[in-house]
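Hi everyone, thanks for coming. Let's walk through this one together, with the picture up on the screen.

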Amino acid sequence: MNGHFHEDEVLGKAFDARLMRRLIRFLKPYRALFAACVLLTVFIAGLQLVIPYVSKVAIDAYMTLPRSILALDAAPSEGNPIDLGDGRYLVEIQAVPPELRRDWETAGALSTERYLLIEAGSDEAEVVERYPEALTAVPGGWIASEEDLRALPTRDLERLRGSAIAGIVRLAALFAVVLLVRFVFTILQVYLLQYTGQRVMYDMRRGLFAHVLRLPLRFFDRNPVGRLVTRVTNDVAAINEMFTSMLVNLFRDAFLILGILIVMFGLEWRLALVIFALFPVIVFAAWQFRNRVRVAYREVRRQIARLNAYIQESISGMRIIQLFVQELKANERFSEINQAKYAAQIRQMLTFAVFRPMMSFLSSFAIALVIWYGGFNVLRGSLSLGALTAFIQYARMLFEPVLNLSEGYNVLQAAMASSERIFRLLDEDAEDPGAGEAFPAPEGRIEFRDVWFAYNEEDWVLKGVSFVAEPGRHVAIVGPTGSGKTTIIRILLRMYPIQKGEILLDGVPIERLDLAYLRSRMAVVLQDVFLFSGDIMDNIRLRSDIPEEVAIESARFVNADFVEALPDGYHTEVKERGVTLSVGERQLLSFARAVAFDPTVLVLDEATASIDSHTEALIQRSLHKIMEGRTSIVIAHRLSTIREADRIIVLHKGELVESGTHEQLLALDGLYAALHSLQFAETGEGVLRDASD
Amino acid sequence: MDRLQTWLWRYRGRVLAGFIALMIVNGATILVPLIIREAIDRLTRGEGGLLQSGLMITGLAVVVMAFRFLWRYFFIGAARRIERAIRAKLYSHLLGLSASFYNETKTGDLMAHATNDIEAVARACGFGIITIADPLFMIPVSVAIMASIDPRLTLYAVLPLPILALFMVWFGAVIHRRFEAVQEAFSTLMEKVRETVSGIRVVKSFVQERGTEIDFSTTNQLQVDRNMALVRIHGLFHPLIELLSGASLAIILWIGGIDVVRASISLGDFVAFTQYLSMLIWPMIAMGWAVNLIQRGRASLGRINRLLAETPEIVEPAKPRSLRGTRIEIRDLTFAYPSGNGRVASPALSDIQLTIDEGMTLGVVGLTGAGKSTLAHLIPRVFDPPVGTICIGGVDIRDVGLDELRRSIGFVPQDPFLFSATLAENIAFGAPEASREEIEEAATLAGFHEEILEFPEGYETTVGERGISLSGGQKQRVAIARALLLKPRIVIFDDPLSAVDAEREEYILGKLRKFFHGRTSILIAHRISAVMHADQTIVIDKGRIVERGTHDELIAGGGIYERIWRLQQAERRAIQP
């Protein structure tokens, strides 16, 4: 189950050349593969066309007798005529051009009865000699009608028709070969196509993901997580659907329709025209069907989403429903939604129930037309029986590609909408990577020089803050919630660009530094520690190549001994399916993380949450150790941390109101002194809580 | 427990009608090749009468069209009705299950039952039945007709088809497995992106973009691999069907073609044969498919039945008694949460002795995890206390009608769960028929009325996923209004104002004092200022009452209460200018 039902289902046009050009670019590395797929597809469609033709040939050349008797004044120029005398000629039907044949038919000159010619002197002639009265002698041999032949014993019949039987066996073998070739090539085509699609998706996802990673934080503030997930997963899948199912099938279907029409027109253009007259009806019906299916499908999706959301909410809010005795009401509401979903699905079913049978009716009707009008053509000689049966099969084949094409339209439309969203994301500006300066051995001097910052324009969160943290010294930031403490950390790491003033690392404005360099010199420990799925080790060294030993050393250094007591030690899974870590343990892990990365500057947001006293003591000790020798900027809540800072700066509503050492500030008797005396004066311990806690 | 058959039997009318329609469709379809045969044979003899054949085909096509509509209508209609009924049954069952069930069951699993499993049952009942019924008629009848034309040819031609059916059985199972694997990889992919975006600050601060990318490529590649594993099997699907059905046609061309030449069958027979054969392909596939559909439907129904077999832990007493008073008396209460695996959990509350006289207010203070919320939840029987330990008005709450008990308690939970509905609907949740005045009155009491008026649509503003998101403090006040609106005789506040600042809490509670008057109230708070006016306050620590008395008594006692009080006093002075 996933909850991404809220996707913007606004669909625009089905084809956008600009988007398409950008999309095609993703195909570029695989253009050879893709071209091979298209070629294979067309080739397979070609084989598809061959199959009915094979039976046509079998019927016309072998299953029906080849000759008819023609009554004509003069010997015909076509059809290898054999003069039977009395103006009668034995002609080979297959060798007569259809127009000529039709003329003969219309004139009633051609016999409907078909004959087999057995030439004198051939091997078969020997059979004839045994049945002198059964066959009719003609100049140069004998002829036999269907009826004559049927009267012969099977063995002799088989001898007389030996060449036809051999021809059928040959054709059946050819048929089998075509089948096998089609089988192998189809598998190859499917595999290649899917492979290409998967590679393209892989690239797209990689590109998107890499891009997302480099977007500025401001972007993440604006865009909910679910939306970004959909871009990288579902939207990419929609495009893949277009490449693999729609684009290639487009070639196949177009080729098939064209091929069928050409073959049909070649066989009998009038019959083809009759079938073709149905074409607009088919296309219209398919189009209508597509539209309705889409509307119905969307409604079903909407109702399913609504139902799922309702069930999900009921489960989460079950306690409230029960406490407020609203089971009946909830059930009533559920029935409504359940019913609405049912109704939507019934509507969808009706759409299918009307259109599917309608399409199959059209297909049957086309066959009826072939039988009637085609049969008429057979009788008047312009169509062979084999061609008629082929026509029946081609008429059936004509429908599927039309339906597919109309289906493809929906896929295309969805893909266009998805690619529009994807490209919008790709067009977001990435973070400025900085001017690229870096020093080999940073000292870690940090200076804020009249820094002004606002998340939203003019809504100043920091107003002209200036302070200096000398290398290796500790600065404690103190102030109530909303005073701008956390913002200082963010802008120091250049998560957000400042509007006015300067932040300098070792005298260089941070904008001029290489962004990766800047951040890698600092380690951040935040109050609420974000853990990634994976084991403890992954969470200490993250995705870096820090060796395991270093990670373990760092954990030991910060007294994160609890790890070793876990079931799988450093390889214990955290989060889902894993252990749940306490707030204190999470803190220690994040310390270990910071130490493992060996930063020059430590940026720390001390936890305010209540932690049991044992862990609290551990954390304090670790904190001392990791701050040792590093420039530290600490949003401090604990008295000991504050007291030992080299400099305390007191923020109030974005302004730096006091700064100095603990003693200096106490002597100043201002805001700091007031805070201190209220919270720590008596016990000397405790946590400096944010005022709103 | 209901089986698939039971459900189908319940809709037997529709199923039967669908079956009849399907039979008519099949019967009409099966005639078409015979007409074509007749037409072709007539053509070989040079006879006409083809208009008649064409009209007959068209006529049959009309019948097929009409009854195809009907079988879809009846079969799919029945399946959707079954789906609707099962889902309704499941939902009302869920409404009756107790908190301990929900504590132990993942929402995701429940959702899977309510969606995927029900869908699988519907598929088994709809297309599953069709895939059984269709071959049942089509195969024997087509084969019989073919055999009447030429038994030997029939035997040869039908030979490859059972392979097709067997192949489908195996195939369906493998594809299903691989498809699930693809789905799983897809979820992993989603989760990976979700997690990375959620932890983007950490990724950026530690400059882990490159590493994260490399890590992502594993997940990305997994998706490719799983998909290709599916394609390797799935890619065989159509080609193999084409191959096997084509093989049958090749046999007909070979053996049947020779038969035509030998004049043992007519050309019409030959054409009819090929048509019957192509009619047999779908039922053969369907047979194999049916096995899978039914199997999956059965497994899903099994899971649903298991869920339906869950019995609610909290049940209505056999002979419900009415509440007479609201004096709450707790005697020797020791309570441990039921643990799913049969282990005995350590008690969350031990040896609680407590009396709240009618109309009095009890304050409850204590550190996180001390057991305050547990106490609050036992009174409306979210969890069941041991028999005889909690009495209201002299009656054991386990003997009181469940609805009556809960209706007489206004409960404000710590976590103010709101539904995605309008503010007015949320406030009137316990009394949907409440008037606008009552709603506004409750909101005013909860100190939220003015703020609501500032929302774009006032009381009609939708909250939750599809509407605006409220702050924690705002949600809490809606939750308070929701409880107050009921004008309950007993009020339980489980630290409902933790997310508003102290002044506002005091202001709201000050206004509520009048409301509490005459109602028996339990007020859990983490700020002393919230409970200092209570008639009596208890301090709970590690599941036990460690201090009790009035505010003054507790301050004088110099215990936990007094220490918390001093700390909070100091904090307050600090932020006052």
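Let me begin with a term we'll need: two strands count as paired if DSSP finds at least two bridges between them. Helices (H or I, at least four residues) and strands (E, at least two) are DSSP runs, numbered from the N terminus.

Some housekeeping. This is a predicted model, where local features need pLDDT of at least 70 and side-chain atom pairs count only at pLDDT 80 or more, while totals for chains, interfaces and linings use all residues. Residues are numbered from 1 along each chain as its sequence is written, and chains are lettered from A and ligands numbered from 1 in the order in which they are written.

Chain A has domain 1 (64-164) and domain 2 (446-679), with bounds from an automatic or database domain assignment. Their C-alpha centres are 104 Å apart.

Please look at strand β1 (residues 67-71) of chain A. Of its 5 residues, 4 are buried, meaning 20 or more other C-beta atoms, placed from the backbone, lie within 10 Å of the residue's own. β1(A) pairs antiparallel with strand β3 (residues 88-92) of chain A over 5 bridges, and A:Arg67 has A:Glu92 as its bridge partner there.

Now to the open sheet of chain A, with 6 strands in the order β12-β15-β16-β9-β17-β18 and mixed pairing. Which strands are at the edges? Those are β12 (522-525) and β18 (655-660) of chain A, each pairing on one side only. Inside the sheet, strand β9 (residues 474-478) of chain A runs parallel to strand β16 (residues 631-635) of chain A, with 4 bridges. In that pair, A:Val475 sits opposite A:Ile633 of β16(A).

On to the chain contact. Residues are in contact if their C-beta atoms, placed from the backbone, lie within 7 Å. Chain A contributes 115 residues and chain B 108. On the chain A side, helix α12 (residues 327-379) gives the most, 29 residues. By class, that side has 73 nonpolar (Ala, Val, Leu, Ile, Met, Phe, Trp, Tyr, Cys and Pro), 27 polar (the others, Gly among them) and 15 charged residues (Asp, Glu, Lys and Arg).

Last stop, chain B: domain 1 (4-308), domain 2 (314-408 + 488-577) and domain 3 (415-487).

Note on methods: Two residues are in contact if their C-beta atoms, placed from the backbone, lie within 7 Å. A residue is buried if 20 or more other C-beta atoms lie within 10 Å of its own, exposed if 12 or fewer, and partly exposed in between; C-beta atoms are placed from the backbone.
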